[in-house]
Amino acid sequence: MSALFPTYARWNITPVKGIGSKLIDADGKEYLDFISGIAVCNLGHCHPKVVSAVEEQMKKIWHVSNLFQIEGQEQVAKHLVDHSVGDYVFFCNSGAEANEAAIKLARKSTGKHHIVSLTNSFHGRTLGSMAATGQDKIHQGFGPLLTEFSYIEMNDTHALKNAVTDKTAAIMVEVIQGEGGIRLMSEEYAEALKAICDQFGCLLIIDEVQTGIGRTGTAFAYEQLALSPDIITVAKGLGNGFPVGALIGKEHLKEAFSPGSHGSTFGGNPLAMAAAQAVLTEVFNPKLLKSVQENGEWFKLELEQKLGKYSIVEEIRGKGLMLGVACQMEVAPIIKDCMEKGLLVLPAGPKVLRILPPLVATKNELERASEILVTVFQKLEQKQSVNI
Ligand SMILES: *Cc1c(COP(=O)(O)O)cnc(C)c1O
């Protein structure tokens with residue numbers, strides 16, 4: 001009998017060890033882990049540089065309050081602003097907390113409350129980030145929600161123009177919706193976002209919790225649409241498994257986050273910063289980002305060629321190593337078959353298979369994953385045609 005609240009429908013696998021792209025369970029079975037803790041372990045499990053950075057820090061000092069100067073925060077913040085359009089960083093411990101901070105900062109800096117977000121978005125489970133999340137099933141039973149959120153369909157510029165007014169504090173978006181089904185924002189929509197933010201003076205908040213830290217082949221995904229967000233939120237990949245989140249904001253927001261306005265006990269503690277510093281040094285290396293672009297393009301093409309021909313496959317989409325296989329059926333049984341064959345992938349909504357390999361996955365590992373997927377889809381396709 002488990003003493004845990006049943007908030008998760010868990011799979012019957014108990015991972016006990018991880019090395020790079022490999023995960024080993026309690027029965028000694030080996031898996032190719034193309035979930036990466038949901039875009040968290042971007043450098044693979046137990047990356048030696050991250051392990052040694054945290055080990056070293058562990059022997060020096062674990063935690064001090066934000067009443068003190070914390071050298072690691074200065075370094076990680078510098079890294080983040082050097083690789084983004086932002087100027088200042090606030091550290092927290094998760095994606096939801098980063099988005100919570102973003103909502104508070106948007107309200108305080110503009111003096112307005114209305115926030116526009118997108119249907120099928122996911123921003124987290126706290127009251128604020130849940131309200132920003134445009135999915136009814138996430139809200140169910142937790143009302144009344146934080147008010148003054150409007151939800152509009154992504155890539156519908158007409159809806160965007162109708163939703164934003166001079167009372168709008170911010171528009172909050174993911175440039176690739178992760179939980180929502182690996183849905184990509186169009187270039188035309190990105191242009192419309194820029195124009196409407198300029199017109200009404202509202203802030204652009206980009207949630208890069210899943211897409212950021214190299215996942216899509218650039219430091220942040222917004223770069224590929226030439227957007228210039230006022231606020232960027234990150235978490236998942238930032239600590240490669242060490243819990244840490246951050247909000248990156250532009251210069252003009254500095255006053256609103258004045259002393260005493262916001263805070264977090266654990267946010268940016270020295271252990272988290274040691275992990276993040278090691279991660280960013282690796283991930284923001286142009287060589288690694290280039291390999292994510294190249295391997296991502298190769299892998300996507302491979303999946304298009306090998307899986308595209310099956311009638312149950314609708315589309316292969318995504319950027320870098322954040323890929324989705326949109327299917328004409330529920331993907332739960334596909335995921336189970338892959339698992340049996342030693343490949344871990346996850347759903348993004350009921351009908352999209354989400355593939356998030358570690359950014360350091362080798363060509364060989366990508367090939368092996370593709371072979372397993374082909375075997376699984378082939379078998380399913382045969383079953384389907386028998387059924388017809
Ligand atoms: C996972 C995720 C979050 C929530 O992050 P937590 O660390 O679970 O709070 C927010 N936004 C996006 C886009 C995510 O993928």
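User: How many bridges join β1 to strand β2?

Analyst: This is a predicted model. Strand β2 covers residues 22-25, and β1 and β2 run antiparallel. Within this pairing, I19 stands opposite K22 in β2. The number of bridges that join β1 to β2 is four.

User: Which residues does the UniProt annotation "binding site" cover?

Analyst: The annotation comes from an unreviewed UniProt entry. One of its residues, S264, is included in the lining of the second largest pocket.

User: Is R125 buried or exposed?

Analyst: R125 sits in the loop between β5 (114-118) and α5 (127-132). Its contacts beyond four places in sequence are A96, M130 and I138. The relative accessibility of R125 is 59%. Exposed means over 50%, so R125 counts as exposed.

User: Is S264 buried or exposed?

Analyst: S264 lies in the loop between β12 (245-249) and α9 (270-283). The relative accessible area of S264 is 18%. The cut-off for buried is under 20%, so S264 is buried.

User: Leaving aside neighbours within four places in sequence, which residues is S264 in contact with?

Analyst: Contact here means heavy atoms within 4.5 Å. With those neighbours left aside, S264 is in contact with N66, F90, F91, C92, N93 and E97.

Key. Residues are numbered from 1 along each chain as its sequence is written. This is a predicted model: local features need pLDDT of at least 70, side-chain atom pairs count only at pLDDT 80 or more; totals for chains, interfaces and linings use all residues. Side-chain values use heavy atoms; hydrogens and water are left out. UniProt positions are given in the numbering used here, feature names are shortened, and annotations may be inferred rather than shown by experiment. On a 1 Å grid over the protein atoms alone, a cavity is a set of points where a 1.4 Å probe fits but cannot get out, and a pocket is an open set with protein on both sides within 12 Å along at least five of seven lines; lining residues have an atom within 4 Å of a point. Helices (H or I, at least four residues) and strands (E, at least two) are DSSP runs, numbered from the N terminus. Buried means under 20% relative accessible area, exposed over 50%, partly exposed in between (1.4 Å probe, protein chains only). Two strands pair if DSSP finds at least two bridges between them.
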